[in-house]
Amino acid sequence: MELLRSNLARVRIPEPTTRIYKHECCISYDTPKSEGGLFVDMNTFLAFGRDYVGWNYEKTGNAVYLHIKQTKKTDAEDRPTKKPTLLAIGLEGGFDNNELQYEEVYEIVILPDNVTLPFPSVELPEKVRLAVDAILLAEGAERKEQLASWTADKKLVSKYAMDLQQLDNGVAVPPVGWKCAKCDKTDNLWLNLTDGTILCGRKNWDGTGGNDHAVNHYRESGYPLAVKLGTITADLEGADVFSYPEDESVVDPLLAQHLAHFGIDFSSLQKTEMTTAERELDQNINYDWNRIQETGEDVEPLFGPGYTGLVNLGNSCYLAATMQVMFSTHSFCSRYYLDQPLKAAFSTAPVDPTVDLNMQLTKLAHGLLSGKYSAPVLEKDDTANSAISQKQEGIRPRMFKSVIAASHPEFSTMRQQDALEFFLHFIDQVERINSGTPDFDPSRSFKFGIEERLQCSSGKVSYNRRNDYILSLNIPLEKAVNKKELAEFRNLKAERAAGEKELSADEIVRPRVSLKDCLDCFSAPEEVHDFYSTALEARTTAIKTAGLTSFPDYLVLHMRKFVLEEGWVPKKLDVYIDVPETIDISSMRSNGIQPGEELLPGSAAGDGEQSIKILADEDIVAQLVSMGFNLLPCQKAAINTSNSGVEAAMDWLLNHMNDPDIDAPLSENVQNPGIDQSKVDTLVSFGFEEKLARSALKASGGDVEKATEYIFSHPSASTTSDTDVTTSSEAAVDPLIPDGGGRYRLLGFVSHIGTSTQCGHYVAHIQKDGRWVIFNDDKVGVSKSPPLDMGYLYFFEKLES
């Protein structure tokens, strides 16, 4: 006990708003259910697994920890499964959810000698007892962040809160002992903030919940706001306030004042009820549709290193599918697993490693690739006995999702997202955190150069280069290889429609297009109308072709399955893509200006900053504006896609809506979108010459921070000429971008099920150890029939020459 007292100065009692981690280790996926339990630092309130708590002591000197260990409860007796009498899951009389029950035990541990003291114990210092009580009663930070994501897009300040009428009727609400004023319900109770009436909530679809007395009271009285009793604590942000006329959970900025009107001291109340958001979140996560449907083939489950599933956090399959493929690449596996131990990442992480992307990427890599969390779990069988399941528990990437989404308003919500947009955002964030050490940047293995060649009717040409991480391909339906079958299907469909009969699933025929035709479509000549030619000093039609200036280690192909129909209605193309397991794109290489070609006046070979004046096509801009976009971004979208069409402009617009300069005025030099004028102005404001700023931005892919580093690391750059302004026949190559042959093998692909990228489900298929493996959230198994023709994103790995 004296040892504990000597460390009391480092023990803190958490405030109501303190982030407390008690469900998962911040540098591994250990939980209280793990063999060694979880150790909560009673100074920082970060949690650590048994193998990692010593690292935290070495780093911080914090010696006192609350040890939380959950052990499986043993059933008192074997009993047969009862016949359900209630349409509900996990409730008395309802369906048994077959989940194991756990009991939780606590003790105080003092490092480095692992001295243990029992808890609860009256012999412990009062400060320690109060701190532990606060930790155990608090909502875990992991859960708080998940709930914040779930409600981020819909919890607004109620318009009724600021001027809420409160009756002076003498009602005083006691701190405990609540009961519905119209029935015997003692849970799911709501306090009307106008008259202080306590009534039960709505009746659920399965008969549970309340008896609708609170909502009926609103209909009779019109009193708009109510707060759920049992959700009010000292942290008022967690209180569940509902607005009946607005029909949603809301924020009441004056909640403390409104509660005080009825004599409620919120600082002394403790949480006893789930909020509406918590119930909604639990239903979204816990309801396992597969238990009811039992559809699909029997999949042989796989366990061990590289076969760890990712638990769906609620519409997070886009993240799970993408990350499974990313950590199947050598570049990411090496950077965050083979070459970076967990301890090394933790030692360089900030005070709170949960907000450090490098730490969380390393944690995710070790979680997926070590095999530590990929083992069969125990489940209860129909006789209530524990049995080995063919299912794995997997890992929950909550901290990773929180930190990778921190800078993105959409990914921080619990809505379904586009796997393509997430991939690009992820690559961008990885590139940022590795900007100081580009040689170790795994995102480089996906980076390649694209060169566009424009030839106007004068015969003169210009070249424009950019870097990218994905090759986005249109699907030429007119190149379908099964045109005869499609024609027969259309006739059959018309006959069935005339007879008011439906087609069976086996009778449906979909267009089938080869991947080669999609790749050829990318390189095929394309007309660009209203192109301003500096040679003719007039608008004309130019011919645009495109090619690659380098071949990356990993080539990501994006199939443009989502298009806009007439009336600007988004539609998913119901099409199959014939994708071979090996491809050769060597013919797609572009080599810059060729002998005999003459550049347009004012342009340069490969100059990403060409001065050809491209004006935004007014028709394209008008169509985009009619869809609700602002004028300026629409003009930029048309210019940046060389007026090639509405669909291309729309793609650019959707991928750049979050750019910080999207609403910045068009500069006079907008004739070429390759170099952002606002970024040039930023570097000029630092004292650099404009020519040097442009050169640095081109050399660093348009990133201001990297451009600054480039200038300081290349002092001779300010005295040498801009090499891109020559007419050399060789394309300038970024030395940081990998290059090589054009032969690739298919590593994996991400498929999408659903009518829109904003809904549905994503699944990954990956080649591992000579076989195809399906990664469907936390379900991992041998794929018997990988749907190679149904991919949305295809990941190809370069073959050695």
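These legends go with a few close-up views of a predicted model.

**Figure 1. The whole chain, before we zoom in.** Start with the parts list: the secondary structure comes to 22 helices and 29 strands. The chain has 801 residues, and buried ones make up 48% of them.

**Figure 2. Helix α12 meets helix α14.** Two packed helices are described by the angle between their axes and the distance between the axes. Here, α12 covers residues 357–369 and α14 covers residues 419–433. They pack at an angle of about 120 degrees, and their axes are 10 Å apart. Angles of 65 to 115 degrees would count as roughly perpendicular and those over 145 as roughly antiparallel, so α12 and α14 are oblique to each other. Their crossing is left-handed. Who does the touching? On the α12 side, look for Leu357, Asn358 and Leu361. On the α14 side, find Phe426, Gln429, Val430 and Ile433. Sorted by class, this contact of α12 with α14 has five nonpolar residues, two polar ones and no charged ones.

**Figure 3. Helix α17 packs with helix α19.** This view shows α17, residues 618–625, together with α19, residues 646–656. The angle between them is about 55 degrees, and their axes lie 10 Å apart. Roughly parallel would need an angle under 35 degrees, and roughly perpendicular starts at 65, so α17 is oblique to α19. Is the crossing left-handed or right-handed? α17 passes α19 in a right-handed crossing. From α17, the residues making the contact are Ile620, Gln623 and Leu624. Their partners from α19 are Val646, Ala649 and Met650. Split by class, the contact of α17 with α19 comes to five nonpolar residues, one polar and no charged.

**Figure 4. A closer look at Asp520.** Where does Asp520 sit? Asp520 lies in helix α16, which spans residues 515–523. Its relative accessible area is 36%. Buried would mean under 20% and exposed over 50%, so Asp520 is partly exposed. Now find Leu473 too: Asp520 and Leu473 are 47 residues apart along the chain, and their C-alpha atoms are separated by 9.4 Å.

Technical notes: Residues numbered from 1 in each chain as written. Predicted model: local features only at pLDDT ≥ 70, side-chain atom pairs only at ≥ 80, totals over all residues. Heavy atoms only, no water. Helix = DSSP H or I, 4+ residues; strand = E, 2+ residues; numbered from the N terminus. Buried < 20%, exposed > 50% of the residue type's maximum accessible area, 1.4 Å probe, protein only. Axes fitted to C-alpha atoms, helices over the stretch in contact; angles between N-to-C directions. Left-handed = near helix turned anticlockwise from the far one by under 90°. Contact = heavy atoms within 4.5 Å. Nonpolar A, V, L, I, M, F, W, Y, C, P; charged D, E, K, R; others polar.
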